[in-house]
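Me: I would like to go through the pockets of this model and the reasons for the terms used.

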Amino acid sequence: MRIPEHRRPSAYYILIILAVVILFIVTSYQYKITDRMFPLMVGYVAVPLLLLDLLALTDSKIGEKISVFFSAKTPKEVDEDADPTKRTLGQELLIFLWMGALVLGIYLIGFLPCTPVFVYCWMKYRGGYSVKESAYLAIGTIVFVYVLFELILQYELYPGIFLYWYG
């Protein structure tokens, strides 16, 4: 199965994410059984999805079938509809910087305080939404996360290292 030249950057990106997810899965096994359940669920769902995404980039019958199944478009139609904007390495690294800031924020101050801050900043500065729309989205996200994880699933979200140090 061959990946066309113009789809290779996407394939490299998928392979990097796949490596991170596998590292995530391996690292999760070092946690207590109750703490590793959710990360493992996310990791084991992500691996087949990433592999399907990688296969969809190939010029093969299976790649075309996967592409049509998930996007209702052939790979050629997907290529034609693709955003023609060229992104520089600096722009791509800026996205990774945003994600790094999110991970660092979660590590330091925890999921619940970091989530609305990140969503607001992302929507306002990267998404171009207004202050009001960004605030609504941030509030909606934190309500969703709190209700789903804390109330429905009874899963204690990571509180951040500062809480451990000063709590």
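Reply: An element counts as a helix here if it is a DSSP run of H or I with at least four residues, numbered from the N terminus. The model is predicted.

Me: What makes α1, α2, α5 and α7 contributors to the lining of the largest pocket?

Reply: A lining residue has an atom within 4 Å of a pocket point. α1 (8–28), α2 (33–56), α5 (89–109) and α7 (131–152) each supply at least two such residues.

Me: How do you know that both domains take part in the largest pocket?

Reply: The domain assignment gives domain 1 (5–81) and domain 2 (89–166), with C-alpha centres 23 Å apart. Each of the two domains gives at least three residues to the lining of the largest pocket.

Me: How much space lies in the largest pocket, and which residues are closest to its centre?

Reply: The space is about 1500 Å³. Of the 32 lining residues, F24, P39, V103, I106 and F111 are the closest to the centre.

Me: What is the volume of the second largest pocket, and which residues lie closest to its centre?

Reply: The volume is about 1000 Å³. Among its 27 lining residues, the closest to the centre are H6, R7, P9, S10 and R87.

Note on methods: Residues are numbered from 1 along each chain as its sequence is written. This is a predicted model: local features need pLDDT of at least 70, side-chain atom pairs count only at pLDDT 80 or more; totals for chains, interfaces and linings use all residues. Side-chain values use heavy atoms; hydrogens and water are left out. Domain bounds come from an automatic or database domain assignment. On a 1 Å grid over the protein atoms alone, a cavity is a set of points where a 1.4 Å probe fits but cannot get out, and a pocket is an open set with protein on both sides within 12 Å along at least five of seven lines; lining residues have an atom within 4 Å of a point. Grid points are joined across faces, edges and corners, and a volume is the space filled by probe spheres set on the points.
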